[in-house]
Amino acid sequence: MITTAPPWNRPHIHCHWTPETDGTPITVPPPGTIVPSPGGDVTVYVGDRWTATPDETHSLAAVLRHVRTVTLVGNITYAGRAAKQALHDAWNAANKAAREAARPPEPPAPAPPGRCGRPRRDGQPCQQYAGWGADDPTGPCRYHGGSTVRREQQREHLVDQATRWADLTAKAKAGPLSPAEHLELLTAEKTLRSASAEGRLR
């Protein structure tokens, strides 16, 4: 076969009915037969109905990929048109894969200022705010290396203060508190109010 098609082009496809003599179809090769002609033309006999599997279609498309013209001979309605569409789909898929393979990989776009910017699993930069959930408000987020030790300590301290405040409040309802306990209650309440104002208390 003669290779005449440019890399991203497809052969021209023509569909013809099975030749007849005095209204009687003549004997033709069985479906799937490929007959090359001089000049890069190929005749493919498709029979009365297109029954090729996707793998068979892709194999046939690979064989016919670089010829100039393909003539499909058979029942145009049930075989020729279906074969033509299947070949076009196979060539389109191959061209798309080849273009994607030839396209150089695009570097990931940098993260906007004030974002974490560390690479995610998909290779793109993290778009979380800098320091989100981490100790350093200007560093990476908690999911990409940002330290959370101080935040965990603060959270544990708030839990302790909330528990102590609840215990002392319940005790105050039952009777008077000592001066030390009253001061502890005020300190816990102040800590919880401050955390709530800063948005750290959930």
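How do the residues of the lining of the second largest pocket divide into nonpolar, polar and charged? I start my notes with that pocket and then move to the fold and the salt bridges.

**Entry 1: ground rules.** I am working on a predicted model, in which local features need pLDDT of at least 70 and side-chain atom pairs count only at pLDDT 80 or more, while totals for chains, interfaces and linings use all residues. Residues are numbered from 1 along each chain as its sequence is written, and side-chain values use heavy atoms, with hydrogens and water left out.

**Entry 2: the pocket.** I looked up the second largest pocket and noted a volume of about 180 Å³. A pocket here is an open set of points on a 1 Å grid over the protein atoms alone, where a 1.4 Å probe fits, with protein on both sides within 12 Å along at least five of seven lines; lining residues have an atom within 4 Å of a point. Grid points are joined across faces, edges and corners, and the volume is the space filled by probe spheres set on the points. The lining divides into seven nonpolar, three polar and two charged residues, where Ala, Val, Leu, Ile, Met, Phe, Trp, Tyr, Cys and Pro count as nonpolar, Asp, Glu, Lys and Arg as charged, and the others, Gly among them, as polar. I list among the lining residues Pro31, Tyr45, Arg49, Trp50, Glu56 and Leu60. Strand S5 (41-47) and helix H1 (54-64) are the elements that give two or more residues to this lining.

**Entry 3: the chain as a whole.** I recorded four helices and six strands, taken as DSSP runs numbered from the N terminus (helices H or I, at least four residues; strands E, at least two). Along the sequence they follow the pattern β-β-β-β-β-α-β-α-α-α. The radius of gyration is 38 Å, well over the 17 Å that the globule rule gives for 202 residues, so the chain is more spread out than a compact globule; the radius is taken over C-alpha atoms, and the rule is 2.2 Å times the number of residues to the power 0.38. The C-alpha trace spans about 120 × 40 × 20 Å along its principal axes. Buried residues make up 27% of the 202 residues (buried is under 20% relative accessible area, exposed over 50%, partly exposed in between; 1.4 Å probe, protein chains only).

**Entry 4: salt bridges.** My search of the whole structure returned six salt bridges, each a side-chain nitrogen of Lys or Arg within 4 Å of a carboxyl oxygen of Asp or Glu.

- Glu152 and Arg155 meet at 3.0 Å, N to O, and both lie in helix H3 (residues 149-174), three residues apart, about one turn of the helix. Glu152 counts as partly exposed at 33% relative accessibility, and Arg155 counts as partly exposed at 43%.
- Glu184 and Arg164 meet at 2.7 Å, N to O, and this pair links distant parts of the chain, with Glu184 in helix H4 (residues 179-198) and Arg164 in helix H3, 20 residues apart. Glu184 is partly exposed at 33%, as is Arg164 at 30%.
- Arg193 and Glu189 meet at 3.1 Å, N to O; because they are four residues apart in helix H4, about one helical turn separates them. Arg193 is exposed at 59%, whereas Glu189 is partly exposed at 27%.
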